[in-house]
Amino acid sequence: ELTKIALARLDQLGPRYNAIVTITHDRAIAAAEKAQEEIRKGAYRGILHGIPYGVKDIFATAGGAPTTWGARPLKDQKFDYDAAVIQRLKQAGAILTAKLSMVELAGGAGYSHPKASLTGAGISPWGTNSWSGGSSSGSGSAVSAGMVPFAIGTETWGSILCPASYCGVSGLRPTFGRVSRYGCMPGVWSLDKVGPLGQTADDLGIILETISGHDPRDDSTNQGPFRYDRNVGKQPFKLGLLRGSTDHADAWVRANLEKAVDELEQADIAQIEEITIPDMPYEAVATTIILAETSAAFEEFTETGQGVDLTDESSRERLYMRHAVLASDYIRAMRIRRKMSQVV
């Protein structure tokens, strides 16, 4: 029944917010019937058993559903296997109900407007004139509008936290290597992360525990498993507030942040310390790495001329421009990156 409710809401609300690429109806019903029978027989797999969810359309899925990477040239692309994160959720008994919309190539070609997607601009349920963020656009909208209890997205540079913020839900960008990327579109191999979006931080901890862990098919994954401590929060959190972070923000944004900080401190929820990070070229380094690695990741896509059909016209040119990044610049950026990670 829960799965049918999710499928109905996806069908009804998904198009309104440009949130879905494919509803995996038959697969979801079959999995839900199996889960129900297992639970009735006492073979309960845990808290996610029978819970519907959606995934960003960046993950390979078996069973005939396309995996478009949000790009019109790849609208018919299909795989005959499930990505690692889908496999782990399947083992936990969760029910895949939809492939969710995203910015084309997860923004790997760069983009200049929110319409850069196979399904059009993602819309936030909080305002029909507001973008849902990128690149995990549909994941943010679907969770916010109650189409699914949680969704799986990816982040290289804000692609989980941005839609979570724009859609008023919780988002978690895990540490690099915490979750396997096997079966996920290659983009920026040294920065890409897989993570959940949900209604609460507690939800995210439960989901992260399920999807994390070493995977020999992704040699970047950590060896040790992640265990979510459900007692977290009994002691005040220690939070760092970046000094000067709201200097250029609108007055109402600054006021809301200050109010939130005061309430956290007065309720003894958090110990907040204002901090300063060293002055280093973070953005320049990250940009150089992203340009160089996406150039390699999308080399075949670019050389075969598929980029000409991308929705964002500027992205068609940017795919080729990335080849201009020098190897020496990439190596220098990686060396500086190592120094930055040691001092921050």
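Leu242 sits in strand β9, which covers residues 237-242. Strands here are DSSP runs of E with at least two residues, helices are runs of H or I with at least four, and both are numbered from the N terminus. With a relative accessibility of 37%, Leu242 counts as partly exposed. On this scale, buried means under 20% relative accessible area, exposed means over 50%, and partly exposed is in between, with a 1.4 Å probe and protein chains only. Leu242 also belongs to a nonpolar surface patch with Ile275, Ile277, Val343 and Val344, and together these have about 400 Å² of accessible area. Patches take residues with over 30% relative accessible area and no salt bridge; nonpolar side chains (Val, Leu, Ile, Met, Phe, Trp, Tyr) are joined within 5 Å, like charges within 9 Å. The areas come from the Shrake-Rupley method with a 1.4 Å probe, and for residues only the protein chains shown count as cover.

The model is predicted: local features need pLDDT of at least 70 and side-chain atom pairs count only at pLDDT 80 or more, while totals for chains, interfaces and linings use all residues. Residues are numbered from 1 along each chain as its sequence is written, and side-chain values use heavy atoms, with hydrogens and water left out.

Glu265 is in helix α7, residues 251-266, and is partly exposed at 39% relative accessible area.

Past that helix, Asp268 lies in the loop between α7 and β10 (270-275). Asp268 is exposed, at 54% relative accessible area, and its phi is near 60°, a positive value in a residue other than glycine. Asn18 also has a positive phi, near 50°. Asn18 is in the loop between α1 (2-13) and β1 (20-23) and is partly exposed at 23%. Most residues other than glycine have a negative phi, and most peptide bonds are trans. A cis peptide bond joins Gly134 and Ser135, with omega about 5°. Ser135 is in the loop between β5 (127-131) and α4 (137-144).

Which charged side chains meet in salt bridges? The structure holds 10 salt bridges, each defined as a side-chain nitrogen of Lys or Arg within 4 Å of a carboxyl oxygen of Asp or Glu. One of them pairs Arg181 with Asp218 at 3.4 Å, N to O. Arg181 lies in the loop between β7 (170-171) and β8 (193-198), and Asp218 in the loop between α6 (201-211) and β9, so the pair ties together parts that are 37 residues apart in sequence. Both Arg181 and Asp218 are buried. Asp215 and Arg217 form another, with the closest N and O atoms 3.0 Å apart; Asp215 is buried at 3%, and Arg217 is partly exposed at 42%.

As a whole, the protein chain has 11 helices and 10 strands. Its radius of gyration is 20 Å, close to the 20 Å that the globule rule gives for 344 residues, so the chain is as compact as a globular protein of that length. The radius is taken over C-alpha atoms, and the rule is 2.2 Å times the number of residues to the power 0.38. Of the 344 residues, 46% count as buried.
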